[in-house]
Amino acid sequence: TDFGLQNATFRQQVFQLRMSGSRRRNTFSGGLNWEKRNTEATGITETVFGGNLQFTRQLTHLSSATLSVGYRKRDYGTADGRKDDEISGSFSYAYQIFKDVDARFTYNLTLTKSTVSINDLKENSFTLALVKRF
């Protein structure tokens with residue numbers, strides 16, 4: 001129990017499918033994923049299914065915008081029957097200041113609806129960042 005470590009094993013099965021493509025100034029990508037995890041110590045089987053889509057457009061030779069949406073359904077496999085549906089979205093704008101430095105603004109929205117209502121969540125975040133590439 002020290003530091004939250006456990007002496008137990010689990011079996012995890014994962015499937016992922018990713019696709020991407022581009023045409024002129026537009027880039028598209030998306031994916032599906034599925035995961036099943038059986039924990040030895042608790043006997044709980046957790047299942048997650050989700051997908052996401054992303055669209056990026058090069059607005060000028062110095063700027064771009066990205067729009068992303070995603071969905072995830074999680075069944076915790078617990079006695080209380082908790083299942084969560086999560087919908088997320090984001091918008092990002094990037095502007096190249098120097099050859100290897102970008103300024104970025106990002107807005108993220110996450111909505112979680114749970115069968116255990118105390119776990120319902122709505123989260124908004126705004127990020128301003130300077131990104132240096134090496």
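Visitor: Why is Arg72 called partly exposed?

Guide: Its relative accessible area is 32%. Buried means under 20%, exposed means over 50%, and partly exposed is in between, with a 1.4 Å probe and protein chains only. The value for Arg72 is 32%, so Arg72 is partly exposed. This is a predicted model, numbered from 1 along each chain as its sequence is written. Local features need pLDDT of at least 70, side-chain atom pairs count only at pLDDT 80 or more, totals for chains, interfaces and linings use all residues, and side-chain values use heavy atoms, with hydrogens and water left out.

Visitor: What makes Glu86 and Arg72 a salt bridge?

Guide: A salt bridge needs a side-chain nitrogen of Lys or Arg within 4 Å of a carboxyl oxygen of Asp or Glu. The closest N and O atoms of Glu86 and Arg72 are 3.3 Å apart. That is within 4 Å, so the pair qualifies.

Visitor: Why is this pair said to tie parts together?

Guide: Glu86 lies in strand 5 (residues 83-98) and Arg72 in strand 4 (residues 63-75). These parts are 14 residues apart in sequence, so the pair ties them together. Strands here are DSSP runs of E with at least two residues, numbered from the N terminus.

Visitor: Is Glu86 buried, partly exposed or exposed, and how do you know?

Guide: Glu86 has 22% relative accessibility, so Glu86 counts as partly exposed.

Visitor: How many salt bridges does the rule give?

Guide: The count comes to eight. Among them is Asp102 with Arg133, where the closest N and O atoms are 2.9 Å apart. This pair links distant parts of the chain: Asp102 is in strand 6, and Arg133 is in the segment after strand 7 (121-132), 31 residues apart. Asp102, Arg104 and Arg133 are linked in a network of salt bridges.

Visitor: Are Asp102 and Arg133 buried or partly exposed?

Guide: Asp102 has a relative accessible area of 9%, so Asp102 is buried. Arg133 stands at 36%, so Arg133 is partly exposed.

Visitor: What makes Asp120 and Lys113 a salt bridge?

Guide: Their N to O distance is 3.4 Å. Lys113 is at 53% relative accessibility, so Lys113 counts as exposed. Asp120 has 31%, so Asp120 is partly exposed.

Visitor: Why is the pair of Phe28 and Phe55 called tilted?

Guide: Rings of Phe, Tyr and Trp (its six-membered ring) pair if their centres lie within 6.5 Å; planes under 30 degrees apart count as stacked, over 60 as edge-to-face and the rest as tilted. The centres of Phe28 and Phe55 are 5.3 Å apart and the planes are at 45°, so the pair is tilted. Phe28 is in strand 2 (residues 26-39) and Phe55 in strand 3 (residues 45-58), 27 residues apart.

Visitor: Which residues do ring pairs link into a cluster?

Guide: Phe105, Tyr107 and Phe126. The search of the whole structure finds three aromatic pairs.

Visitor: How do you know that Arg37 lies over the face of Phe10?

Guide: The rule asks for NZ of Lys or CZ of Arg within 6 Å of the ring centre and within 35 degrees of the ring normal. Arg37 is at 4.2 Å from the ring centre of Phe10. Arg82 lies over the face of Tyr76, at 4.2 Å from the ring centre.

Visitor: What makes Thr110 buried?

Guide: Its relative accessible area is 16%, so Thr110 is buried. Thr110 is found in strand 6 (residues 101-114).

Technical notes: Helix = DSSP H or I, 4+ residues; strand = E, 2+ residues; numbered from the N terminus.
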